[in-house]
Amino acid sequence: MHYETVLTYGTFDLFHRGHASILQRARKLGDFLIVGCSTDEFNANKGKNSHQNFLIRKAALERLPYVDHVFSEHDWGQKSHDIQKFKVDTFVMGDDWLGKFDWLKNDVAIRYLPRTKGISSTLLRTKLEIQHKYRSY
Ligand code: C2G
């Protein structure tokens, strides 16, 4: 029996419904979903400073019933290795990445799924900062 493995990556800062939606849709494309969670160092490399550190973001992913395994994403170059190591059948990213990973198409089926509109970690971080600012008055 072949079990279909689905792979995706991300920072998943301040986990929100947009993250939940793409992970649930990714999971439905196979039998297992594994997630590469960006380390804090790799985030810096991506020019992102997450509100939550890696351990918090990884723990939030590990609690999800539709996520079967979480590992660290520490650089741009590890995807081919991960795809071989985990025998991945389908690689999923949000369509803000459309085309960016097509170089992997010989190793894996690639699916760019529509992003969820109206929600982002940046928006949530901004709301947190505004609440924090007004609370201190
Ligand atoms: N996402 C989404 N809808 C949103 C926000 C995010 O579908 N409103 C998706 C993104 O398209 C991505 C995943 O959720 O597929 C994780 O998003 P981020 O945490 O922002 O990850 P990103 O910085 O895009 O990192 O090597 C790939 C990178 O690690 C991806």
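Colleague: Where is Phe12 found?
Modeller: Phe12 is in the loop between E1 and H1. Helices (H or I, at least four residues) and strands (E, at least two) are DSSP runs, numbered from the N terminus. Before you read on: this is a predicted model, where local features need pLDDT of at least 70 and side-chain atom pairs count only at pLDDT 80 or more, while totals for chains, interfaces and linings use all residues. Residues are numbered from 1 along each chain as its sequence is written, and side-chain values use heavy atoms, with hydrogens and water left out.

Colleague: Why is Phe12 called buried?
Modeller: Phe12 has a relative accessible area of 6%. Buried means under 20%, exposed means over 50%, and partly exposed is in between (1.4 Å probe, protein chains only). So Phe12, at 6%, is buried.

Colleague: What is the phi of Phe12, which is not a glycine?
Modeller: Phe12 has a positive phi of about 55 degrees. Leu14 has a positive phi too, about 50 degrees, and is not a glycine either. Why mention it? Because most residues other than glycine have a negative phi. Leu14 also sits in the loop between E1 and H1, and its 13% relative accessibility makes it buried.

Colleague: What about Thr11, and why does it count as buried?
Modeller: Thr11 has 5% relative accessibility, so it falls under the buried cut-off. Thr11 belongs to the loop between E1 and H1 as well.

Colleague: What makes the pairing of the Thr11 and Asn43 side chains a polar contact?
Modeller: Their side chains are joined at 2.7 Å. A polar contact is a pair of N or O atoms within 3.5 Å; within protein, one must be able to donate a hydrogen and the other to accept it, and residues adjacent in sequence count only if both atoms are side-chain atoms.

Colleague: Which atoms of Thr11, Lys46 and Trp97 lie by an oxygen atom of the ligand?
Modeller: For Thr11, a backbone N or O atom is 3.0 Å from a ligand oxygen atom. For Lys46, a side-chain N or O atom is 2.9 Å from a ligand oxygen atom, and for Trp97, a side-chain N or O atom is 2.8 Å from one. Taken alone the ligand exposes 630 Å², and the protein buries 96% of that (Shrake-Rupley areas, 1.4 Å probe; for residues, only the protein chains shown count as cover).

Colleague: How many residues surround the ligand, and how do you know that a residue belongs there?
Modeller: There are 21, and the closest are Lys48, Glu73, Lys79, Asp96 and Ile119.

Colleague: Where do Ala20 and Gly36 lie, and why do they count as buried?
Modeller: Ala20 lies in helix H1, and its 14% relative accessibility makes it buried. Gly36 is in strand E2 and is buried at 0%. Gly36 and Tyr9 are 27 residues apart in sequence and 4.4 Å apart in space, C-alpha to C-alpha.

Key:
Near = heavy atom within 4 Å.
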